[in-house]
Amino acid sequence: ADEGPVVGRGRTVIADRVLERLAARLALEVPGVVRHSSGPPLSGLGSDLPEASAESAGERVRVRVRVAVRWETPAHEVAAAVREQVRQRLGAVTGKSVDRVDVVVGALLPPSRVRTDDTRRVL
């Protein structure tokens, strides 16, 4: 039976954890940002960079991103590029308004500590 016209289009809910993983992946696209794991492998101690946290309220979101940066790259320039990359791309991909992106440089790595393999892994 016909129930009449559709009243609304519904809505899509994106979990904060999804926003966090996407923000971390977007940060890796910025030149100078590198993957870094602190602590012994498989120990659960330390942290993996980049990492992100997100808080959303409706269609608005705030993000905090921690990154590792190559030693020879100016950290303030990388932080500004990460901030812009995450703000623009996260908003474009999710349709949310990204109100704030805080970037923390959690590690400056000399060339000897930068992973050079491009092996993909799940964030």
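# Briefing on a predicted protein chain

Of the 123 residues in the protein chain, 32% are buried, where buried means under 20% relative accessible area, exposed means over 50%, and partly exposed lies in between (1.4 Å probe, protein chains only). This is a predicted model, in which local features need pLDDT of at least 70 and side-chain atom pairs count only at pLDDT 80 or more, while totals for chains, interfaces and linings use all residues. Residues are numbered from 1 along each chain as its sequence is written, and side-chain values use heavy atoms, with hydrogens and water left out.

**Overall fold**

- The protein chain contains 2 helices and 6 strands, these being DSSP runs numbered from the N terminus (helices H or I, at least four residues; strands E, at least two).
- Their order along the sequence is α-β-β-β-β-β-α-β.
- Among the contacts with a separation of 6 or more, 69% are between residues 24 or more positions apart, a contact being heavy atoms within 4.5 Å.

**Nonpolar cores**

- The largest nonpolar core comprises 21 residues, and V63, V65, V67, V82, V86, L90 and V101 are those with the most contacts inside it; such a core is a set of buried Ala, Val, Leu, Ile, Met, Phe, Trp, Tyr and Cys residues joined through side-chain atoms within 4.5 Å.
- At least two residues of this core come from each of α1 (16-28), β4 (51-57), β5 (60-70), α2 (75-94) and β6 (97-109).
- Apart from this core lies another, of 6 residues, including V34, A68, A107 and V114.
- Leaving aside residues up to four places away in sequence, L90 touches L19, L22, L26, V63, Q85, G95 and V98.
- In soluble globular proteins, nonpolar side chains tend to be buried together.

**Surface**

- The accessible surface of the protein chain is about 8,200 Å², and 51% of it belongs to carbon and sulfur atoms; accessible areas come from the Shrake-Rupley method with a 1.4 Å probe, and for residues only the protein chains shown count as cover.
- A nonpolar surface patch is formed by W71, V105 and L108, which together have about 290 Å² of accessible area; patches are made of residues with over 30% relative accessible area and no salt bridge, with like charges joined within 9 Å and nonpolar side chains (Val, Leu, Ile, Met, Phe, Trp, Tyr) within 5 Å.
- L108 is found in strand β6 and is partly exposed, with a relative accessible area of 39%.

**Salt bridges**

- The whole structure holds 6 salt bridges, each defined as a side-chain nitrogen of Lys or Arg within 4 Å of a carboxyl oxygen of Asp or Glu.
- In one of them R17 pairs with E20, the closest N and O atoms being 3.2 Å apart, and both residues lie in helix α1, 3 residues apart, about one turn of the helix.
- R17 is partly exposed at 45% relative accessible area, whereas E20 is buried at 14%; E20 also touches A52, S53 and A54, not counting residues up to four places away in sequence.
- D99 and R60 meet through their side chains in a salt bridge (2.9 Å, N to O), and this pair links distant parts of the chain, with D99 in strand β6 and R60 in strand β5, 39 residues apart.
- D99 counts as partly exposed at 38% relative accessibility, and R60 counts as partly exposed at 48%.
- A further salt bridge joins the side chains of E84 and R87 (2.6 Å, N to O), which are 3 residues apart in helix α2 and so separated by about one helical turn.
- E84 is partly exposed, with a relative accessible area of 33%, and R87 counts as partly exposed at 37% relative accessibility.
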